[in-house]
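Hi there,

Here is the structure I promised to pass on to you. Have a look at it first, and then read on for what turned up.

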Amino acid sequence: MPHAPADPADAPPIDHLMELASGFMASKVLLVAARIDLFTELRAGPLDGEALRDRLGLHPRSARDFFDALVALGALDRGPEGYRNTPAADYYLVRGRPAFAGGFLEMNDRRMYGLWADLETALRTGAPQNGSAEDDDGMYADLYADPERLTVFQEAMTGLSMGSAHALAEAFDWSGYRTVADVGCAEGAVLTHLLHRHPHLHGTGFDLPAVGPCFQRRLDGSGLAGRLAFRAGDFFADPLPPADVLIMGHIISGFSRSRARTLLDKAYEALPEGGSLIVYESLLDDERRENVSGLLMSLTMLLETPGGFEYTGPECQQWLTATGFARSSVHPLSGPESMIVAVK
């Protein structure tokens, strides 16, 4: 049983615990940088500290500390010409670029940062802390009724899915399929990338009617008008669109086990024999020890939904077998995310 060492020199290091305890500080530095469009200001190239401070309207007292904290955190580089974006920041955090993931940071800043202050209450009550109705559709009904919040949410889902979208295009053999439908498609970023990467594919984005304008804005600039379309519907109330491959990304985890199983049943019904279902999430590792992002996402589902949760690959495979799928397999995607491929 652990106990205090007799000699303080033998005490275990405290660094990791202190880093965890102050993690919110690093998070806020990045979130504020994204909010004030620091990365977008650097899109054309490096700026010295004074020029960058002036463009952002920051007080001279701690601007240098702010910029250098971003360097230390790996979000900026600094050289003789001044501060510049890292390759990842330049790709994902410059507003207006195709892979812009700033919506995810904006949602964390505007919504999640405050919501996580109520984690203790959620753990004691088992109830969501976002003030929405206490049913499976509560959070989503509130979001989809508010156009401004919906736009932020859609952009956040794009940001959350970009890494997996790129990995999915390479990790799955698309050569034997012609049609793909993304169930809960948000802005359509996943389909847009897939169809650009695999010109033989035709895609359908399926989501609630309120999502249509967001999807259309991305479609208008994609050059895919003849191969990509939006279909409005409720994936609990309406049949899922027929396709050779159905994708459900970050969908199953938002609902209780019974409703998640309903979605898998509906996917099975919509697919042809030999068709595939791809489910991707921040799947928990089998031992529930390593995927920190997945476990934190599961706690986010506690804060946001009455029944949502993250799960392991084998758990989902059991549900898929019970649904009737012939076989399934788990594959890594990007970072903490993985996909489960099930064949009918």
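How far apart should the ends of helix H13 (residues 257-270) be, at 1.5 Å a residue? Before the answer, please keep in mind that this is a predicted model. The 14 residues of H13 should span 20 Å, and the C-alpha atoms at its ends are 20 Å apart, so the two values agree.

Now turn to the sides of this helix. Which residues of H13 are buried? They are Ala260, Leu263, Leu264, Lys266, Ala267 and Ala270. Because these residues cover an arc of only 160° around the axis, they lie on the same side of H13. On the face turned away from the buried side you will find the exposed residues Ser258 and Glu269. The buried residues of H13 are covered by, among others, strand E6 (245-249), strand E7 (276-281) and helix H15 (313-323).

Next, the nonpolar cores. The largest one has 29 residues, and the members that touch the most others in it are Phe235, Leu240, Leu246, Met248, Ile252 and Leu277. Strand E3 (179-183), E6, H13, E7, H15 and strand E9 (338-343) each give two or more residues to this core. H13 gives the most, with five residues. There is also a second, separate core of 25 residues, which includes Ala167, Leu194, Leu219 and Tyr280.

Leaving out residues up to four places away in sequence, its contacts include Leu246, Met248, Leu264, Ala267, Leu320 and Ile340.

Finally, two loop residues deserve a look. Most residues other than glycine have a negative phi. Alanine 186, however, has a positive phi, near 55°, and sits in the loop between E3 and helix H11 (189-197). Is alanine 186 buried or exposed? Its relative accessibility is 9%, so alanine 186 counts as buried, the cut-off being under 20%. Histidine 250 is not a glycine either, yet its phi is positive, at about 55°. You can find histidine 250 in the loop between E6 and H13. With a relative accessible area of 14%, histidine 250 is buried.

Enjoy exploring, and send me your questions!

Best wishes

Terms used: Residues are numbered from 1 along each chain as its sequence is written. This is a predicted model: local features need pLDDT of at least 70, side-chain atom pairs count only at pLDDT 80 or more; totals for chains, interfaces and linings use all residues. Side-chain values use heavy atoms; hydrogens and water are left out. Helices (H or I, at least four residues) and strands (E, at least two) are DSSP runs, numbered from the N terminus. The expected span of a helix is 1.5 Å times one less than its number of residues. Buried means under 20% relative accessible area, exposed over 50%, partly exposed in between (1.4 Å probe, protein chains only). The arc is that of the directions from the helix axis to the C-beta atoms. Contact means heavy atoms within 4.5 Å. A nonpolar core is a set of buried Ala, Val, Leu, Ile, Met, Phe, Trp, Tyr and Cys residues joined through side-chain atoms within 4.5 Å.
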